[in-house]
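Reader: I am new to this one. Please walk me through it in short steps.

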Amino acid sequence: METLYEGAYAKVNLTLDVLGKRPDGYHDLKSVMQTISLRDDITLEVNTGKPWVLTCDKENIPCDHRNLAWKAAEVYLKATNQNVDGLGIHIAKRIPSQAGLGGGSADAAAVLRALNRYFDSPLSIAALAEVGASVGSDVPFCVIGGTAMAEGRGERLRRLPNMPDCVFVVCKPDFPVSTPELYHKLDETAIPQRPDNAAMESAILAGDLEKIADNMYNVFDPVVTQDHLELNYIKSICNSYASLGQQMSGSGSAVFAIVKEFEYAAVICNMLRENYPQIFIAKPVYY
Ligand code: C5P
């Protein structure tokens, strides 16, 4: 038996635009995504000689084939024609679920990267991302990580230069959001404002953190905020304590803020922690 360790990093959407519904029921989107240091830790035991097992230190996470990490292992072995004699997947969870932070996708991507390393990299990173697309829409980005423009369902990726160093505050309020329901809701509403992805890309190319923050926009944010006004409270606290920009990530319900210095992030955390215990400080991450 061999034990593998891999970090599974959360993502935030600096921009998120939903362009339209596709014949397959999914939506075409365009989003600038960034991996952050908030992470789960994945331990894989390969060739245990026992039936597959998945454990997680948090409740309410499916511990069988429904878990994206389990699916990722199945899909990887099939794609590469490999076999293992028993597999143990253990997830130490920190990334909140139903948060828009890509937690399940991050775990799946970590399994793909770890297995590919174990088998001496038969798949390139691009091929590994392609395999990940069948597991979930955010998995290809989580395989690649860093700063990237995602299009299509999320599987068409273009790497962007690293964003400038900064600090993220991530705050997960206590209500969950169903991603399919939210896409459905968006289908029924006119989208009044959209992100300027070209401006975001220029800001990243220029390494201009203020412009990056100015150009953050997520079309899901107003749709969720109208039903959950506490998101405005979280954003206003961030804004009062030197955040350059703040918005919901993905389909929510987590909100993130970008600040320049750790000290400001610590103040925002102190202000919000009593009402929102699921609050984290993170940095951009590249791997
Ligand atoms: O691919 P994933 O399982 O992450 O997607 C969850 C759900 O979100 C899908 O079943 C679909 O309803 C919706 N979705 C979508 N278009 C995308 C990504 C997700 O409609 N690009």
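**Valine 170 and the cores**

Author: Valine 170 lies in strand E8, residues 167–171; strands (E, at least two residues) and helices (H or I, at least four) are DSSP runs, numbered from the N terminus. This is a predicted model: local features need pLDDT of at least 70, side-chain atom pairs count only at pLDDT 80 or more, and totals for chains, interfaces and linings use all residues. Residues are numbered from 1 along each chain as its sequence is written, and side-chain values use heavy atoms, with hydrogens and water left out.

Reader: Is valine 170 buried or exposed?

Author: Buried means under 20% relative accessible area, exposed over 50%, partly exposed in between (1.4 Å probe, protein chains only). Valine 170 has a relative accessible area of 0%, so valine 170 is buried.

Reader: Which residues is valine 170 in contact with, leaving aside its neighbours within four places in sequence?

Author: Contact means heavy atoms within 4.5 Å. With those neighbours set aside, the partners of valine 170 are Ile36, Leu101, Ala254, Val255, Phe256, Gln278, Ile279 and Phe280.

Reader: How many residues has the largest nonpolar core?

Author: A nonpolar core is a set of buried Ala, Val, Leu, Ile, Met, Phe, Trp, Tyr and Cys residues joined through side-chain atoms within 4.5 Å. Leu101 and Phe168 are among those with the most contacts inside the largest one, and its residues number 62.
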